[in-house]
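Trainee: I'm new to this one and would like a close look at a single part. Could you walk me through it?

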Amino acid sequence: MDTAPALAAAPDAALTECTLPIDGMTCASCVARVERALKKVPGVTEAEVNLATEQATVRATGPIARETLAAAIRRTGFGVPDEAAPDAPAGTDAPREPLLGEGRRVLLAALLSLPLVAPMLLEPLGVQAMLPGGWQWLLATPVQFWLGARFYRAGWHALRAGSGNMDLLVALGTSAAYALSLWLLMTGHGHHLYFESAAVVITLVMLGKWLESRAKHRTVEAIRALRALAPETARVIAPDGSEQERPLARVRVGDRVVIRPGERVPVDGEIVEGASHLDESLLTGESLPVAREPGQHVTGGAVNGEGRLVVRTRATGAETTLARIVRLVESAQARKAPIQRLVDQVSAVFVPVVVALALLTLLGWGWIGGDWELALLRAVAVLVIACPCALGLATPAAIMVGTGAAARHGILIKDAQALEVAQAVRVIAFDKTGTLTAGKPSLTGLAAAPGLAEHEVLRLAAALQSGSEHPLARAVNEAARAQASAADTVAAAAALRAEPGRGVSGTVEGRALRLGSQRWMDELGVATAPLHAQARAWLGEGRTLSWLAEIVPDSPPRLLGALAFGDTLKPGAIEAIGRLRAMGLRTLLVSGDNRSAVEAAGRLLGIDEVRAEVLPGDKAGVIQDLREGNRKVAMVGDGLNDAPALAAADVGLAITHSDGTGTDVAMHAAGVTLMRGDPGAVADAIDISRRTTRKIRQNLFWAFVYNIIGIPLAAAGLLNPVVAGAAMAASSVSVISNALLLSRWRPGGR
């Protein structure tokens, strides 16, 4: 896990923030203890500890030395790995290997415990194989005090800190069973010893923690997969033209990097040479390779297809889009969901309450029944069954898997609060341009004057617009290229001149042409009546019109045709709105465009409500109005001029563009960033939010049920310590296993 030598500046306010790894935490009570210790450090305003990631996120009003925070954590009894060894084994402060791996320790404990528990299993079959008391003691002692030493260490640290944890409960319970058995053995009293209860409980808890650790390892697969996308080296073109292999840390902005077919893109940049298809699926969730050519943006981590590319570097290292994505996902996984507050409140008093219940069980059964041996065993069962591990893992495990699954499909969730709020959204407001539409004009209609062919009108208009960078000119040229044939080729226009506020004039093949507005046509005396019906229909759809006319010597100007321009809907936009409505969400279109264009788009999309001609600064006010009545409102925009509205919504969803623009603003202004640029990802984001929140509630339900049912059963004498230990181990494993089911999630509600 990454560590920071000091607190690094956070993007918001004047606060500073850092993350530290923590070794040795086992349950929600451990989390609460570390948080209390960190909050006591002068200058710290907020401390969040995540049991699943085993990290602490600390925010402060100014720089604080890492060692100061680490010392506060160590005083609670937990370790903080050295910066030079961030991957040190759990439970250590230095990079040393334990005598036995955790799996081998579990296996050894099981082998030592099996001879103790086997006679109990064989006894109902009439087989008497109980070992002598001395042999039972020899087998149980190494399990109790060597393999189980971690419970004593962690429990002692908890006591010194004035709190309790799962380890303390296990240590108290098994020690009581072991001590009772040893006393009975030494005094010769009793027909049965309870060494097997102590040894098997420790073995089962160790097994549960080992399985839990393996399961937790799977919850961070998304982060590992994203990190693996960054190559370690890049092939840079030197000043003399040769290609040099360099470590990524030595690549600088402005360097030209060569990416061969099949290689991963090492930097963010702009293609200056070559064309290819790039597989960006692990970054954006887009399953199909995307065509890229000179002048277009590429993102580090994408896989190059068939062509050789030369890319001018725009960002490296921590400034790349991939690095920002990793930081965003890590931040989301480290933060607590609002629902976690209930768990924190319960965890703060959980262990003391359990110890008190165990004491009441002991005294109650001892005084009422007079059998203190039986009373002690039932108290032990209460201590062992009441494990707060599942409570501590219920929320963070689901958040880690849910945010990781979302990130694999191009949905970046900024924090747990955005995840939890998104599932409660009832109204979704969309910006139009760049969000539901392509964001650039295209030729949407073409009509030729009577007696002329449409392809001829398009050919002449394209010739007149050749070389122009005006958005409408590019739309004409793109349409002409799509329909071009050898017979359509014409010479470029001569005597080109832009007519401000009117259009463009020029000569094509000796013909004096004019392309421009209705106002200019009126000034020239061009009769546009033959195409008025079609023009009115286009204007009713909010289209922009241009007229093409020819100036004929000694004759009235001649109308050649009309061209309509509009912003086309993104592929899948209509289906995306349909999915949202099917999910019970009300949709709204908020745009600054003219009313006819917005209403036409709204009708085509099936939007419930339209707000047109809304200035960018007024969009936030529209969102505030929608929130009246405590309705949860989401805003979807492209992350540029929609930033105020994204921030005003309960949760903002920012769609980034394929050229990489909008990404920085999106990640800061919105709670959710959609890297695909696909409107369908909005429904996917709501869906994964709902599923993750559902898993959190399921996990919390089962975590509470284990204790609500288990503690009374143990106190009533209906659970022996061995069964209680098995149930306690199963609780943590079941919570994480349930969370891992989220990793099967796929976009589209699959």
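Trainee: Let's take helix α12: is it mostly covered or mostly uncovered, and how many of its residues are buried?

Mentor: Before we dig in, this is a predicted model, where local features need pLDDT of at least 70 and side-chain atom pairs count only at pLDDT 80 or more, while totals for chains, interfaces and linings use all residues. Residues are numbered from 1 along each chain as its sequence is written, and side-chain values use heavy atoms, with hydrogens and water left out.

Now, your helix. α12 is mostly covered, with 10 of its 14 residues buried. Buried here means under 20% relative accessible area, using a 1.4 Å probe and protein chains only. Among those buried residues are Ala375, Leu377 and Arg378, as well as Val384 and Ile385.

Where does α12 sit in the chain? It covers residues 372-385, and a helix here is a DSSP run of H or I with at least four residues, numbered from the N terminus. From its first C-alpha to its last, α12 reaches 20 Å, close to the 20 Å expected at 1.5 Å a residue. That expected span is 1.5 Å times one less than the number of residues.

Finally, have a look at the N-terminal end of α12, which is capped by Asp371. A side-chain oxygen of Asp371 lies 3.2 Å from the backbone nitrogen of Glu373.

For a bit of contrast, look at some strands (DSSP runs of E, at least two residues). Strand β24 (residues 633-637) pairs with strand β25 (residues 651-655) in the parallel sense over four bridges; pairing takes at least two bridges found by DSSP. There, Val636 stands opposite Leu653 in β25.

Definitions and conventions. Buried < 20%, exposed > 50% of the residue type's maximum accessible area, 1.4 Å probe, protein only. Polar contact = N/O pair within 3.5 Å; in protein donor to acceptor, adjacent residues only side chain to side chain.
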